[in-house]
Amino acid sequence: MKNNIIILGGGQAGIYAAREIRQNDLKSNIKILGEENLLPYERPPLSKDFLLDRKNEENLYFHSGDVLKNENIDFEYVSINKVDFENKKLFTKNDDVYSYNTLLISTGSENKKLSVDNNLTDDIYYLRNLEEAKIIKKKVLNKNKVTIIGGGFIGLEIASSLSQLQKKVTVIEIGNQLMGRIIPKQIADLVQKTHIEHGNEIILNKQIDKIIKKNGIYEILLNDNSLIETDFVIAGIGSTPSVKLFENTNLKLDNGIVTNQYCETSIKDVYAAGDVSNFYHPLYERNIRLESYQHAQNHGICAGKNIAGVKTEYSSIPWMWSDQFNLNLQLTGICDDFDEIVERGNDINNGIIYFFLKNKKIQGACGLGIVGKVGRDIRITSKLSENNTIVDTKILADKTQKLNKLMQK
Amino acid sequence: MSEENWIEVGSTGSIEEEDLIRFDHQDKTFCVYRLTDGFYATDGMCTHEAVHLEDGLVMDDEIECPMHQGIFNIKSGEALSPPACEDLKTYPVKVDNDKIFIKIE
Ligand SMILES: Cc1cc2nc3c(=O)[nH]c(=O)nc-3n(C[C@H](O)[C@H](O)[C@H](O)COP(=O)(O)OP(=O)(O)OC[C@H]3O[C@@H](n4cnc5c(N)ncnc54)[C@H](O)[C@@H]3O)c2cc1C
Ligand code: FES
C-alpha cells in the first residue's frame, strides 16, 4: 500500500511542506485538506494592498493549480472536525474518513472574538482570510466612520489602508501603547504619530464597555464613559492557535501544539508547523510561537524535510514585518530577554533600530523607517544573532558605520 | 552594438566589493553591483512592490529586498524567494578605462 501523507490546513506552512516533501519523496501520496475553497494564498496583502485594490485575488496565490498537479499534490476542499490519532484517521462532519500514515497539522491561527451582545455578533467584522477581506472591502465602501478595536499589527494595517481610502478611522487600544509591549515604546509612539498625521484617531488605555446599534449607527461606550459613534466596526484583538480539534485528544498542547526542533509533536508520525505550533528553538533554548510569513514558509519547509526522512533542525531566526502608510516596521529575533538596549539612528527617514542584547550578543531588534530603510540592517542583525557574534555596540549605535563590519568573514 | 547604447554609470572605484550603487537615468532607476567576479546591473526597483533595491543587502550573487526579504539572483534576475515571484530585469555591463557602462536598451 502507498504511504499516505496528509497535511491538515491548506495555508502557507501547508503548501511549503507539501512541495518540500515532494522534492524528497516521489512516491508517497500527498494530500492537503483545506477548509477554504481556495488554493494556498498569502495573507499579508489582505490588510494592505488587497484592501487598497493594488493587488487582486489572482496575485495572492503562492502557486497555480498546475504546479500542484505537476508535482502530484492533491488539494481537497474539506473541513475536518474530528481526529482519531490512535487509528490515524481524520473525519469530516459527514463522517467521511481520511486515513494517514503521517500527518502534518498546519491549521494556523484564528481571531479572538470580541464579547458583545448576541444580537451584534454579526455586526463586528474580523480579518483573517480572503473571504473576510472581500466582505470588509465591499461593506466599507459606502461607510464613512470606521472604528477598529485593537491596536495590533493587523488592526493598524487596516487603519492605514482605510485611511488611504478616505475613511475616518478610530483605533481603540486597551494597552498604553500600540502593537503590544514587545515593540519598543519609542517605535510604537512614532507609528502612532504617523497615524495621527494621516487623520486617524488613536485612543489608548481604553476598554469597550458596550456597543449599541441605533438606526444603523453603532455607539461604542468606553470605560471612561466617553462615546464613539461609528458606521462600521472591525475587531483585531489578537489571535489564538487553531487547536480546538485536538483539545480532547492526547496531543500535547500549550499555547498551540508543542513541537520539538524537528516539528515533531508528542504523538508519533504527527508533525505541526506554522502559526499553530509552539516549537522548541535551540538558539533560545525554549519554546516559542510565531505568527509570521517567513516562519510559516521556513517551518513548513523544515517539517516537509523531516516528514520525508531528511532530519533537519529548525533554528531559523524569527523575522516579521508590518507595513503602515509609508512605514515599514521589522522585528527580528526575540526582544524580551536582554541586559542592554542599543539605539541606532534617530530619524525615521533613515531608519531607527533598537537592538536587544545579552552578554554583548544580539537577541533581537526592532526597526522602523520609511519603506526600505531598515531592512538591510535588520537582515545583518539576524545573521549576527544566528552566528552568536559578540558585537561592538559602538558600531551598532553609529549610523555612519556599516553593520557588515560586524560580520565575521 | 553602437556606442550610444552604453551609458556611463561611474568609476569602478565608486562601488565596494559585494555592494551596489543606485543609478538613475531618465525616469528609470537601476542598481549596479560589484561582485567578486565583476560588475552587474539590474532594475533598481523590486518586482514585488515599489521599493528601491539600493537599500537591500548583497550576499554572494544575490540581492535581498529591504522591505520583505524577497531575493533575486543578480546575474540572472531570477526571483529566488517569496514574496518576490516576478524576475528582475538585468542589463549588460562593460568596464572601459575604469569606467562602468550599462546597456539599457
Ligand atoms: C490579515 C493578515 C495580515 C498579515 N500580515 C503579515 C505581515 O505583514 N507580515 C508577516 O510576517 N506576517 C503577516 N501575517 C501572518 C502570516 O500570514 C501567517 O503567520 C501565516 O499565514 C501562517 O501560516 P499557516 O500556514 O501557519 O496558517 P494559515 O496561513 O492561517 O493557514 C491555515 C489554514 O488551515 C485551515 N484550517 C484550519 N482548521 C482546519 C480544519 N479543521 N480543516 C481544514 N482546514 C483547516 C484554515 O482555514 C487555513 O486556510 C498576516 C496575517 C493576516 C491574517
Ligand atoms: S517589496 Fe521587495 S519583497 Fe516586497
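Trainee: How many salt bridges does the structure hold over all chains?

Mentor: Remember that this is a predicted model. Side chains of opposite charge can pair when their charged atoms come close. The cut-off for nitrogen to carboxyl oxygen is within 4 Å. Over all chains, the total of such salt bridges is 35.

Trainee: Where do the two partners sit in the salt bridge of Lys213(A) with Asp123(A)?

Mentor: Their closest N and O atoms are 2.7 Å apart. The pair links distant parts of the chain, 90 residues apart. Lys213(A) is in strand β13 (residues 208-214) of chain A, and Asp123(A) is in the loop between β8 (109-111) and β9 (124-125) of chain A.

Trainee: How many salt bridges are there between chain A and chain B?

Mentor: One of the pairs across the two chains is Glu64(B) with Arg379(A). Their closest N and O atoms are 2.5 Å apart, which counts because the limit is 4 Å. Between chain A and chain B the count is five.

Trainee: Which element gives the most to the side of chain A that touches chain B?

Mentor: Start with the elements that give two or more residues to that side. They are α6 (293-307), β22 (319-324), β23 (327-333) and α7 (375-386) of chain A. The top contribution is five residues, and it comes from α7(A).

Trainee: How do the residues on that side of chain A divide into nonpolar, polar and charged?

Mentor: The contact takes 21 residues from chain A and 20 residues from chain B. There are also 10 residue pairs in polar contact between the chains, counting pairs with both at pLDDT 80 or more. The chain A side divides into six nonpolar, five polar and 10 charged.

Trainee: What area do chain A and chain B bury between them?

Mentor: The value refers to both chains together. Carbon and sulfur atoms account for 48% of it. The buried area is about 1,700 Å².

Trainee: Which residue of β21(A) stands opposite Tyr280(A)?

Mentor: Strand β20 (residues 277-281) of chain A runs antiparallel to β21(A). Three bridges join the two strands. Opposite Tyr280(A) stands Asn287(A).

Trainee: What is the bridge partner of Arg34(B) in β4(B)?

Mentor: Chain B has an open sheet of four strands with antiparallel pairing, in the order β2-β3-β4-β9. Its edge strands are β2 (19-25) and β9 (90-91). Six bridges join β3 (residues 28-35) to β4 (residues 38-43) of chain B. The partner of Arg34(B) is Phe39(B).

Trainee: Where does Gln26(B) lie, and what is its phi?

Mentor: Most residues other than glycine have a negative phi, and most peptide bonds are trans. Gln26(B) is not a glycine, yet its phi is positive. Gln26(B) lies in the loop between β2 and β3 of chain B. The phi is about 50°.

Trainee: Is the peptide bond from Pro82(B) to Pro83(B) cis or trans?

Mentor: Pro83(B) lies in the loop between β8 (79-81) and β9 of chain B. The bond from Pro82(B) to Pro83(B) has omega near 5°. That peptide bond is cis.

Notes. Residues are numbered from 1 along each chain as its sequence is written. Chains are lettered from A and ligands numbered from 1 in the order in which they are written. This is a predicted model: local features need pLDDT of at least 70, side-chain atom pairs count only at pLDDT 80 or more; totals for chains, interfaces and linings use all residues. Side-chain values use heavy atoms; hydrogens and water are left out. Contact means heavy atoms within 4.5 Å. Buried area is the accessible area (1.4 Å probe) that two parts lose on being put together, summed over both. A salt bridge is a side-chain nitrogen of Lys or Arg within 4 Å of a carboxyl oxygen of Asp or Glu. A polar contact is a pair of N or O atoms within 3.5 Å; within protein, one must be able to donate a hydrogen and the other to accept it, and residues adjacent in sequence count only if both atoms are side-chain atoms. Ala, Val, Leu, Ile, Met, Phe, Trp, Tyr, Cys and Pro count as nonpolar, Asp, Glu, Lys and Arg as charged, and the others, Gly among them, as polar. Two strands pair if DSSP finds at least two bridges between them.
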